Amino acid sequence: MSTTQPKKRIAIFGSTGSIGTQALDVIAANPNLFSAEVLTAQSNDELLVKQARKFNPNIVVIGDEKRYARVKEALANTDVKVFTGEKALEEVAAMDCYDLMLAAIVGFAGLKPTLKAIEAKKIIALANKETLVVAGDIVMQKAVENRVPVIPVDSEHAAIFQCLVGETRNPIEKIILTASGGPFFGKKPNFLVNVKRDHALQHPNWAMGAKITIDSATLMNKGLEMIEAKWLFNLRPEQIQVVVHPQSIIHSMVQFEDGSIKAQMGLPDMKLPIQYAMAFPQRIANNFPRYDFRKPNTLTFDEPDTKTFRNLALATDALHKGGNLPCVLNAANEIAVFAFLHNRLGFLDMTDLIEKTMNKIPFIEKPSLQEYFDSDAEARSFAASLIHM
Ligand code: NAD
Ligand code: MG
């Protein structure tokens, strides 16, 4: 990108998280390409203030209203505008002061601001996979209507997106989503039954937020990613295959109708898909470590064990049945992971909670947006009622 081009003005929704902080590193390293114009956080007001002092954005939003006064006061001697509350996230998403939203809020909470950004015709760099799991048909339809690109940040989907550059006329036979297998790859239920929070939070290849780290340990993350891929790349469920690849060097693959397979590879580092999505269609030079094929290393591939990691089977079921079932699966999973992180639910009990919720909430074949919101709320309240506190 030449220096005469205007900077891309970035809004990071979820700037204090794992993705958000890495995105700010990318912006700091490329001040001629990007400026941070909007930063939002739910509760980490201290980090939000620090980020605002460093990047001097137009606007910050602190989700938790109890922390508004502190943020406002800390930024009193700056030009930064401070807003608070859930509604403010949606209002700011619709504002003119930015070009690209990095959707890096975790969970269902990311859906509404992203919809507003699409309606305001912003480019979407999508980390928040739950947005597409909950209401992928509506989100992608809105993106088409508003001619808004949705560029995936999730490393697997970023890989597939890159494999598809230049292939618009060539149908996909199937995609192969790689999964690291998480910290408990190869383990059986008699081991998993005793797994506690701190153990499950140790991921072998990636340092991520707590929710996605647990999802990686249960393989729900891969299930959510199958659903995410269906909507991003307009695939039938049968075209989506998961393969365990513990080294996380191949980030995913596309197989075309001639049997040819393209893979996107590299060392696991989320900054790569983040900067690719932010700078697309350009690539940004960097000096991150490179993968070296000459060193002794082995790339291995395995079938996922869906009998042990039943969350992946439940998500596959939701992928095939569609309707509001992925939304219900996601809501129950958010409740289950939250409870597990607070030591109120066992590792394997998370799956039972999700399964019971999926069986309980009435199926809706073609939900409206309001019906998705209602299904989410019903599923959360039912799932929570099953947890004894
Ligand atoms: P995180 O928990 O580290 O950060 C989440 C961010 O969202 C924080 O800034 C937090 O303040 C904000 N937030 C949390 N709850 C909120 C709410 N109710 N309302 C508004 N803001 C809220 O999470 P993360 O690991 O950065 O993941 C963010 C998203 O990106 C997730 O959807 C995750 O699945 C996806 N993702 C993450 C990675 C990764 O490497 N971390 C990789 C692929 C995809
Ligand atoms: Mg991923």
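A cavity is a set of grid points where a 1.4 Å probe fits but cannot get out, and the questions below apply this and related terms to a predicted model.

Q: What is the volume of the largest cavity, and which residues line the largest cavity?
A: The largest cavity has a volume of about 40 Å³, and its lining consists of F13, M101, A103, A104, I105, G110, P113, T114 and N128. The elements that contribute two or more residues to this lining are β5 (100-103) and α5 (111-119).

Q: Why is α15 called oblique to α16?
A: Helix α15 (residues 349-360) and helix α16 (residues 369-385) pack at an angle of about 130 degrees, with their axes 10 Å apart. Since angles over 145 degrees count as roughly antiparallel and those from 65 to 115 as roughly perpendicular, α15 is therefore oblique to α16.

Q: Is the crossing of α15 and α16 left-handed or right-handed, and which residues make the contact?
A: The crossing is right-handed, and the contact is made by L353, K356, T357 and K360 of α15 together with A379, F382 and A383 of α16.

Q: What makes two residues of the contact of α15 with α16 charged?
A: By class, this contact has four nonpolar, one polar and two charged residues; Lys counts as charged, so K356 and K360 of α15 are the charged ones.

Technical notes
Residues are numbered from 1 along each chain as its sequence is written. Chains are lettered from A and ligands numbered from 1 in the order in which they are written. This is a predicted model: local features need pLDDT of at least 70, side-chain atom pairs count only at pLDDT 80 or more; totals for chains, interfaces and linings use all residues. Side-chain values use heavy atoms; hydrogens and water are left out. Axes are lines fitted to C-alpha atoms, for helices over the stretch in contact, and angles run from 0 to 180 degrees between N-to-C directions. Helices (H or I, at least four residues) and strands (E, at least two) are DSSP runs, numbered from the N terminus. Angles under 35 degrees count as roughly parallel, over 145 as roughly antiparallel, 65 to 115 as roughly perpendicular and the rest as oblique. A crossing is left-handed if the near helix is turned anticlockwise from the far one by less than a right angle, and right-handed if clockwise. Contact means heavy atoms within 4.5 Å. On a 1 Å grid over the protein atoms alone, a cavity is a set of points where a 1.4 Å probe fits but cannot get out, and a pocket is an open set with protein on both sides within 12 Å along at least five of seven lines; lining residues have an atom within 4 Å of a point. Grid points are joined across faces, edges and corners, and a volume is the space filled by probe spheres set on the points.
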